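These are my notebook entries on a structure that I had not examined before. I set down each point in the order in which I looked it up.

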Amino acid sequence: MNHDVTHSSDPEAPEAAAPAAASAGDDAERADRKERVLHTRVPAVLEAELKAVARALRVPVSNLVRTILEDAVAIADRASSEVGERLEAAARSVEQERARLRARVERADPLGDVLAYQPVTVAAPNRCARCEAPLEPGDSASLAIRQKPGPAAFVCAACLPKPSGKGRGSAP
Ligand SMILES: [Zn+2]
């Protein structure tokens, strides 16, 4: 079933054998010393396919195999670096998202200890502490009364807590 790809039993294959096959000592001498011969077993169908392609391209089968291997390694290198970059980007965005959420939570916190809201008429330009809508002099707004002393905070009418209307105050 399997055939050694560097061993050519096909007399028609043009110099299909690897340059460093057992009988090609001279070729091996000339070959770059850094190169190594890898013997591998491939299915007969694949061998026929490789030989057909090599014949069409007029290159030795061994050259074709080496080119395919080099391409595969290059693609694998590229793919793995892309995967690494993608993972890094994902980790970065998770970190940024977490920081952003924390900042948003901390920014919303100033109204966390509010006990009540008192209707007021705005005298100096301000902003709603929750939605940051501008509050101009003369506008109706609500002053946040906190448990602990702190800077005055106002909320606009839209951000004022609404009666829940359900489950509370209305006995059946
Ligand atoms: Zn508001």
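Which residues in α2 are buried? I began with this question, keeping in mind that the model is predicted. I found E47, L50, K51 and A54 to be buried in α2. These residues cover an arc of only 100° around the axis, which puts them on the same side of α2. On the face turned away from the buried side of α2, I noted the exposed residues V45 and A56.

**Entry: the helix itself.** I looked up the extent of α2 and found that it takes in residues 44–57, 14 residues in all. From its first C-alpha to its last, α2 reaches 20 Å, close to the 20 Å expected at 1.5 Å a residue.

**Entry: after the helix.** I then followed the chain to R58, which comes just after α2. R58 lies in the loop between α2 and α3, the latter being residues 61–108. The phi of R58 is near 60°, a positive value in a residue other than glycine. Is R58 buried or exposed? R58 has a relative accessible area of 75%, and it is therefore exposed, the cut-off being over 50%.

**Entry: the chain as a whole.** I stepped back to list the secondary structure and recorded three helices and seven strands. Along the sequence, I read the pattern as β-α-β-α-α-β-β-β-β-β. The chain has 172 residues, of which 18% count as buried. Among contacts with a separation of 6 or more, 54% are between residues 24 or more positions apart.

**Entry: the zinc ion.** Which residues are the protein donors of the zinc ion? I found C128, C131, C156 and C159, each through its SG atom, lying 2.3 Å from the zinc ion. The angles among the four donor atoms are 105 to 118°, and I recorded the site as tetrahedral. For reference, I noted that the ideal angle for four tetrahedral donors is 109.5 degrees. In sequence, the donor residues are spaced C-x2-C-x24-C-x2-C.

C131 has a relative accessibility of 40% and counts as partly exposed. C159, with a relative accessible area of 17%, is buried, because buried means under 20%.

Entry: I looked up E132, which is found in the loop between β4 and β5. E132 is not a glycine, yet its phi is positive, at about 65°. Its relative accessibility is 47%, so E132 counts as partly exposed.

**Entry: strand β3.** I turned to strand β3, residues 114–121, where Q118 has its place. V114 is found in strand β3 as well. Which residues does V114 contact, leaving aside its neighbours within four places in sequence? I listed A144, I145 and R146 for V114. With its neighbours within four places likewise left aside, Q118 is in contact with A141, S142, L143 and I145.

V114 is buried, with a relative accessible area of 17%. Q118, at 41% relative accessibility, counts as partly exposed.

Lastly, I checked two C-alpha distances. V114 and A153 are 39 residues apart in sequence, and their C-alpha atoms are 9.4 Å apart in space. Q118 and V155 are 37 residues apart in sequence, with 9.9 Å from C-alpha to C-alpha.

Terms used. Residues are numbered from 1 along each chain as its sequence is written. This is a predicted model: local features need pLDDT of at least 70, side-chain atom pairs count only at pLDDT 80 or more; totals for chains, interfaces and linings use all residues. Side-chain values use heavy atoms; hydrogens and water are left out. Donors are N, O and S atoms within 2.8 Å of the metal (3.2 Å for Na, K and Ca); water is not among the atoms, so sites may look incomplete. Four donors count as tetrahedral if all angles lie between 85 and 135 degrees; four count as square planar and six as octahedral if opposite donors are over 155 degrees apart and all others between 65 and 115; anything else is irregular. Buried means under 20% relative accessible area, exposed over 50%, partly exposed in between (1.4 Å probe, protein chains only). Helices (H or I, at least four residues) and strands (E, at least two) are DSSP runs, numbered from the N terminus. Contact means heavy atoms within 4.5 Å. The expected span of a helix is 1.5 Å times one less than its number of residues. The arc is that of the directions from the helix axis to the C-beta atoms.
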